[in-house]
Amino acid sequence: MPQTAAVISGIQRMVLYETRARYFLVGCNHAQTKHRVLKIDRTEPKDLVIIDDKHVYNQQEVRELLGRLDLGNRTKMGQKGSSGLSRAVSAFGIVGFVRFLEGYYIVLITKRRKMADIGGHSIYKIEDTTMIYIPNDSVRVSHPDEARYVRIFQNVDLSSNFYFSYSYDLSHSLQYNLTLLQRPYELWSAAAPSSTEEVHAQGKQDSFDIFEDEGLPTQVVYGLQNEPYYKYVWNGKLLERVKDIVHPDWLMYIIHGFCGQSKLLIYGRPVHVTLIARRSSKFAGTRFLKRGANCEGDVANEVETEQIINDASVMSFTAGSYSSYVQVRGSVPLYWSQDISTMMPKPPIRLDQADPYANIAALHFDQMLQRFGSPIIILNLVKKREKRKHEKILSEELYPAVINLNQFLPPDHRIDYIAWDMARYTKSKLCNVLDRLSMIAENVVKRTGFFINRSDFYCHTLRPDDRWRDVGGTVTSTGRLQTGVLRTNCVDCLDRTNTAQFMVGKCALAYQLYALGMIDKPKLQFDTDCVRLFEELYEDHGDTLSLQYGGSQLVHRVKTYRKIAPWTQHSKDIMQTLSRYYSNAFSDADRQDAINLFLQVYQPSEGKPHLWELPTDFYLHQKSTMALQHNRRSYTFWWSDGVLSYLPIPYDEAACEETMKTIKVKRMNQFDENVDIYTEFFKPYELTSFDDTFCIAMTNSAREFMPKSVGVDPSPFTVRKPEETGKSVLGKSSKEETVLQRKTAASAPPPPSEEAISSTSEDDSEEDRDDEGTVSQRSTPIKLLTESGENSRTQEEIHPHPAMKEPYGCNLAECPAEEDLLIYERFARLGENQHTVEKTEQINSANIICLEPVSRFKDDSIYAVSLPQVDRVSHETFKSHVMVGQGQVRALCRDDMLMYREYVKNRYM
């Protein structure tokens, strides 16, 4: 049965050549064996004229083409100079084409950096871009406001957390991409337009098949190329103008968010932990300027986070073991906003429009049912009890909306609503926030399940666990699917949301590792190398998303809620809060204008007000305000057609006629470069250095977190004290603070005198500070008392030689114990008895320590060594090797001629 494979883009490098009349964009694959040419006209002042040369050139043909172009564009025959063909820039991809008030610009990626590897598919981060004006200066029509639009457009820093891949669809989840490859053969055979004869002809021309001349059939592979999920694509509008004109290899879609990957070593077995966050390009913007939802059901700060776990010892998607879990964050799906003109740190929340039938929430959850299936679980973390209503307003509107929508859904697919005041639990001295979140996470993961692409794991049979039987999702013949998703929100969806998502991800990680056969039971403990590595990934993920939306890093982290954060963290929290307030008050408006222009929400044109002249961008994002709706959606049947018939499986992953239309299928040879992931990943055609490979440079649990001491358990699932790790978990420079953290670790119950967490971020408002009058806002270090009641000395005073204990596992300054001395004395006596020495004679050390040579050479010492004996055949072989290196080839013998003749006969005759 033919296999399926994702199509690898045939254009991964490109060079832009310039003449007075045209730009020639020459793109090639990584091996530089196939080239394509794109011709861009420079004589049109305001229009974009692109001609895609359908011919695929080899390296010799493209050199001849460029030579003819250079010769034909010189003003005089034989003249060499700038009037011919000149090389403008080298690039790795096209971001898109954009126009303001003059002509079009082309945006190219000039630098990239590899960030992750999933099944041999590389994921790159954009490091630098260039923006080139297309029309020639002779036809350029200048406009005074063009330069200002260019500056606004370039305020979107493309070198900051934009990602792309040539062979992996980043806009879809791993579950979608692998489910697509595992669909039945009959679906692809009916959809593939190419004939078998074309496959043989293509294989003969472009690839090498050693079985081709033996009469064996050519292996056919169905190459799949699907449409991206445009909600998470950020350059979709920039490529819209050329999407139907150029070959699909020229189109490269980028996502915005976060991508990080670390390696977990389990007794030498590599397991890759990857975290990908996709930020929605719909209703995108900054913190106070984008709240709630628009009229199409798109919410602000919507991010889909996916954690992928795979056994890195096997690379391919078909033979490897892959697991993923997806969760979502997003603003409360209502019409609400906050007025920032008052210059208050926390502007009051106001509901802009009444929505008695929950139409906006219905549109939003309809999107989620299509993409994730059921159940949809809402975890609402906003506050419930406030002296003055602030966050509570959102809960009072969201809960009735969910009740209203649920009455029309079938009971098995209704939306679950979980409301929990996380900020109030944090202030309480008797409640452990993370324990409560662990219980919620366990219930959520058991309901939604997770994705795994293998069904032949017997971990639950060999090491049974009661919790495994309750795991939800859908079990298939090829593994297990995640059905449904957790949707977490607070007000900003930053600090509290990130901690809640980490706890759910930690619970899912345990089930994923258990299903892959890596651990004995589906549970992970804090203070292990595995969880520390995962926590570091999630903190980087949270900081990045917080900077994009809120203008500062996270204020409250996982360590804050575990109550092991250092006391110096209080001042850092204040600085992050001030940074966030400054960004929201002074720079968010410019950032919002840049995002609107980059996403083409606003397109400049003559006769329209300029972007900076608009009093608000409300009408740009609310399309219903500009035109009347002719077809109003039903308030009772609020879901799209066909969605319920496939639940709990998401409609987007169902093998129905509508979803098959978004996929292009092509019959290809299995050795074709466009589907050969082995050649794409290992690149056997180029010289590489082992030390420069990506897998060596990525974060490694053994190198970064495992203690360097001798005799410790190397397992990443062993609980370690903070001072035992290879990497400082607490971020401390002082050893006094390290001693302090031991006493306030989360593994022990909090002491009565423990201080509450500072209320300087969006998690805690002034009203709640009044409620908790008994909680001190100061963060003072706790005095550690010895048994005698005196203050303990520092670690340096107790241990004069702390550096010796780490490498040797013992303190050399202390006298050995009496038991150790007895053992050593027995060892010395045992060494004496091994030699024939009379007990009555005086013991001579030369007789006891007698070293016998064990080398194969007759004379072998530190001073000299005898030459090894080499036979005649080995000598002749080495001599001929040296002669070949010097360019002197020996005469071929009869056996060599016969071998070469047999090769020619098999290959060409």
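User: Which helices and strands each supply at least two residues of the lining of the second largest pocket?
Analyst: This is a predicted model, in which local features need pLDDT of at least 70 and side-chain atom pairs count only at pLDDT 80 or more, while totals for chains, interfaces and linings use all residues. On a 1 Å grid over the protein atoms alone, a pocket is an open set of points with protein on both sides within 12 Å along at least five of seven lines, whereas a cavity is a set of points where a 1.4 Å probe fits but cannot get out, and lining residues have an atom within 4 Å of a point. Helices (H or I, at least four residues) and strands (E, at least two) are DSSP runs, numbered from the N terminus. The elements that each give at least two lining residues are the strands β8 (104-118), β9 (121-133) and β13 (269-279), together with the helices α19 (677-682) and α20 (694-697).

User: Which residues lie nearest the centre of that second largest pocket?
Analyst: Residues are numbered from 1 along each chain as its sequence is written, and side-chain values use heavy atoms, with hydrogens and water left out. The lining has 31 residues, and by class these are 13 nonpolar, ten polar and eight charged residues; here Ala, Val, Leu, Ile, Met, Phe, Trp, Tyr, Cys and Pro count as nonpolar, Asp, Glu, Lys and Arg as charged, and the others, Gly among them, as polar. Nearest the centre lie K114, F681, T693, F694 and C695.

User: What volume does the second largest pocket have?
Analyst: Grid points are joined across faces, edges and corners, and a volume is the space filled by probe spheres set on the points. Counted in this way, the second largest pocket comes to about 910 Å³.

User: How many residues of helix α13 are buried?
Analyst: Helix α13 (residues 529-550) reaches 30 Å from its first C-alpha to its last, close to the expected 32 Å, a span defined as 1.5 Å times one less than the number of residues. A residue is called buried under 20% relative accessible area, exposed over 50%, and partly exposed in between (1.4 Å probe, protein chains only). By that rule α13 is mostly covered, and the buried count is 19 of its 22 residues.

User: Is F534 buried or exposed, and which residues does F534 touch?
Analyst: F534 belongs to helix α13, and F534 is buried because its relative accessibility is 2%. The C-alpha atoms of F534 and S262 are 8.4 Å apart, although 272 residues separate them along the chain. Contact means heavy atoms within 4.5 Å, and, not counting residues up to four places away in sequence, F534 touches V273, Q307, F502, G505, K506 and L509.

User: Why is helix α3 largely enclosed by the rest of the structure, and which of its residues are buried?
Analyst: Helix α3 (residues 174-181) is largely enclosed because seven of its eight residues are buried. Those buried residues are L174, Q175, Y176, N177, L178, T179 and L180.

User: Which residues is Y357 in contact with, leaving aside its neighbours within four places in sequence?
Analyst: Y357 sits in the loop between β17 (349-351) and α7 (359-372), and it counts as partly exposed because its relative accessibility is 45%. Its C-alpha atom is separated by 9.0 Å from that of T636, which is 279 residues away along the chain. Leaving aside those sequence neighbours, the contacts of Y357 are N404 and Y635.

User: What is the phi of N161, and what is the phi of Y267?
Analyst: Most residues other than glycine have a negative phi, and most peptide bonds are trans. Neither residue is a glycine, yet phi is positive, at about 65° for N161 and near 55° for Y267.

User: What is the omega of the cis peptide bond from S374 to P375, and of the one from L647 to P648?
Analyst: P375 lies in the loop between α7 and β18 (376-380), and P648 lies in the loop between α17 (643-646) and α18 (657-660). The bond from S374 to P375 is cis with omega near 5°, and the bond from L647 to P648 is cis with omega near 5°.
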